[in-house]
Amino acid sequence: MISFDEAIARLTRVATPLGPETVPLSEASGRRLAADVSARLDSPRSAVSAMDGYAVRSADLRPDTPFAVIGESFPGRPFGKPVKAGECVRIFTGAPVPEGADRVVIQENAARDGERVSFSGSLDGPAHIRAAGSDFGKGDTLLTAGHRLNPRALVAAAAADAAKLDVFRRADVFVLATGDELKSPGEARLTSDGIPDSLSAALIAFIRDWGGVPVGQAKIADDPGILQAAARQALEHADVVLVTGGASVGEKDFARDMFGFANPKEVFSKAAIKPGKPVWLSQVGGGLVLGLPGNPTSAMVTARLFLAPLLTGLEGGDPAEALQWQESVLTGAIGRNGGRETFHRARLSGGTAEPLGTNDSGAQAVLAEADLLVRQAADHGGYTDGETVRTLDF
Ligand SMILES: Nc1nc2c(c(=O)[nH]1)N[C@H]1C(S)=C(S)[C@@H](COP(=O)(O)OP(=O)(O)OC[C@H]3O[C@@H](n4cnc5c(N)ncnc54)[C@H](O)[C@@H]3O)O[C@H]1N2
Ligand code: MOO
């Protein structure tokens, strides 16, 4: 069986960007740029005032000597003529500074009397002028390919005068939950042997969180014919098919076989991890199929460990970005483990990681408390209270 790190290395080799698409700025938040964004104009476009006041020639400035106010400059409506000796122009923040003027005196230091104004106070302080191109110049690269756009980056993109952005396409993901026993939540108790499908809604939420697009879901019985038809349909609609259950060695564990008709190419099958050993990944046609074990804790842990980096890579990011291990202090102890690298569920408690103390891969209720995964190497002697451990947000 391969190690977790080897499984991630193999996943990284197939998690390559899906390709670009163009979206309007209003839909670009959260997306990753597929191309650099270069400024299409200077900013500011000309020298502009940083304050409300009067644009003057510094050489003329003397306390209490009146200037003639010859016009006004507003943002988007400049005063079109030059300022000459003894003249000034009423100016507002962001407005173009008229030719000839090299300083703005703030209005708090001005005494206006009809068409004349005189200035007092400190007259040799800052010029209150932003030079043309002082923020950025036409042609400057403001954002580089791969950058994940957040609202702050959208300011830079819009200021570059871009209406649309080239971003990487997000993976379309189809969720297939396998198992005769599965019923839609709300309907299980109406049957004698059904259990709620507790994974599909959670996985769809994870897909959205990690930059995928859920395009469909189905609950399918453990019948080879039905499974194959569902597999065929999911592959037609998605870049990634996420299958839960049927990953192990039981008589009705058909999850791999259901894709057999399409000549799958195994990326990995099983990893030496606990929980989640039966996790598998295959390339099928142009798409990928990630198989998660059916045990709910195993499915959620393997989704966090494998689906997050997979979607990150397909969307043009580095899969490693989705696996940012942190150091946390442990509150409580973790015992010796066996030959599988272990990912313990823990609560975030006052900034420390408090193990939830269950090893049951089938557990569901306790997941509501699980904020973190604590990573423990295989064949490790255990951790004591207060030790520093490696954790991942979960
Ligand atoms: N003889 C062996 N048995 C098992 C092995 C093994 O190596 N040898 N591996 C165990 C491990 S580890 C795991 S994990 C599970 C994985 O099982 P499967 O992926 O085949 O999952 P199923 O058998 O389909 O289901 C397991 C369990 O999970 C419940 N389940 C499945 N899907 C859902 C869902 N969407 N919502 C809620 N619960 C779900 C299902 O009812 C079962 O109880 O295999 C071990 N066995
Ligand atoms: O990997 Mo299973 O998830 O150990 O129960």
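This is a predicted model: local features need pLDDT of at least 70, side-chain atom pairs count only at pLDDT 80 or more; totals for chains, interfaces and linings use all residues.
In which loop is Ala-39 found? Ala-39 sits in the loop between strand S2 (37–38) and strand S3 (48–49). Overall, the protein contains five helices and 26 strands.

**Overall dimensions and surface**

- The radius of gyration of the protein is 31 Å, whereas a compact globule of 394 residues would have one near 21 Å.
- Of the 394 residues in the protein, 46% are buried.
- If you take the contacts between residues at least 6 apart in sequence, 70% of them join residues at least 24 apart.

**Ala-39 and its surroundings**

- Ala-39 is buried, because its relative accessible area is 5% and the cut-off for buried is under 20%.
- Not counting residues up to four places away in sequence, Ala-39 touches Phe-136, Gly-137, Lys-138, Gly-139, Asp-140, Leu-142 and Ala-160.
- For a sense of distance, Ala-39 and Ala-322 are 30 Å apart in space, C-alpha to C-alpha, and 283 residues apart in sequence.

- Helix H1 (residues 4–14) has Phe-4, Ala-7, Ile-8, Leu-11 and Val-14 as its buried residues.
- These buried residues of H1 line one face of the helix, because they fall within an arc of 120° when seen down its axis.
- Helix H4 (residues 224–237) is made of 14 residues, and its first and last C-alpha atoms are 20 Å apart, close to the 20 Å expected at 1.5 Å a residue.
- In H4, the buried residues are Leu-227, Ala-230, Ala-231 and Ala-234.
- Looking down the axis of H4, you would see its buried residues within an arc of 105°, so they too line one face of their helix.
- The packing partners of the buried H4 residues are strand S13 (171–178), strand S16 (212–220) and strand S17 (240–244).
- Where H4 starts, the backbone nitrogen of Gly-225 has a side-chain oxygen of Asp-223 within 3.0 Å.

**Asp-239, between H4 and S17**

- Follow the chain on from H4 and you reach Asp-239, in the loop between H4 and S17.
- With a relative accessible area of 17%, Asp-239 is buried.
- The side chain of Asp-239 makes a polar contact of 3.0 Å with the side chain of Arg-169.
- A polar atom of the Asp-239 side chain also lies 2.8 Å from the backbone nitrogen of Asp-172.
- Beyond its neighbours within four places in sequence, Asp-239 is in contact with Leu-18, Arg-169, Arg-170, Ala-171, Asp-172, Gly-287 and Leu-288.

**Thr-391, in strand S26**

- Thr-391 belongs to strand S26 (residues 388–393).
- The relative accessible area of Thr-391 is 1%, so this threonine counts as buried.
- Its side chain and that of Ser-328 are joined by a polar contact of 2.7 Å.
- Setting aside neighbours within four places in sequence, the contacts of Thr-391 are Gln-324, Trp-325, Gln-326, Ser-328, Ala-353, Leu-372, Leu-373 and Val-374.

Notes
Residues are numbered from 1 along each chain as its sequence is written. Chains are lettered from A and ligands numbered from 1 in the order in which they are written. Side-chain values use heavy atoms; hydrogens and water are left out. Helices (H or I, at least four residues) and strands (E, at least two) are DSSP runs, numbered from the N terminus. The expected span of a helix is 1.5 Å times one less than its number of residues. Buried means under 20% relative accessible area, exposed over 50%, partly exposed in between (1.4 Å probe, protein chains only). The arc is that of the directions from the helix axis to the C-beta atoms. Contact means heavy atoms within 4.5 Å. A polar contact is a pair of N or O atoms within 3.5 Å; within protein, one must be able to donate a hydrogen and the other to accept it, and residues adjacent in sequence count only if both atoms are side-chain atoms. The radius of gyration is taken over C-alpha atoms; the globule rule is 2.2 Å times the number of residues to the power 0.38.
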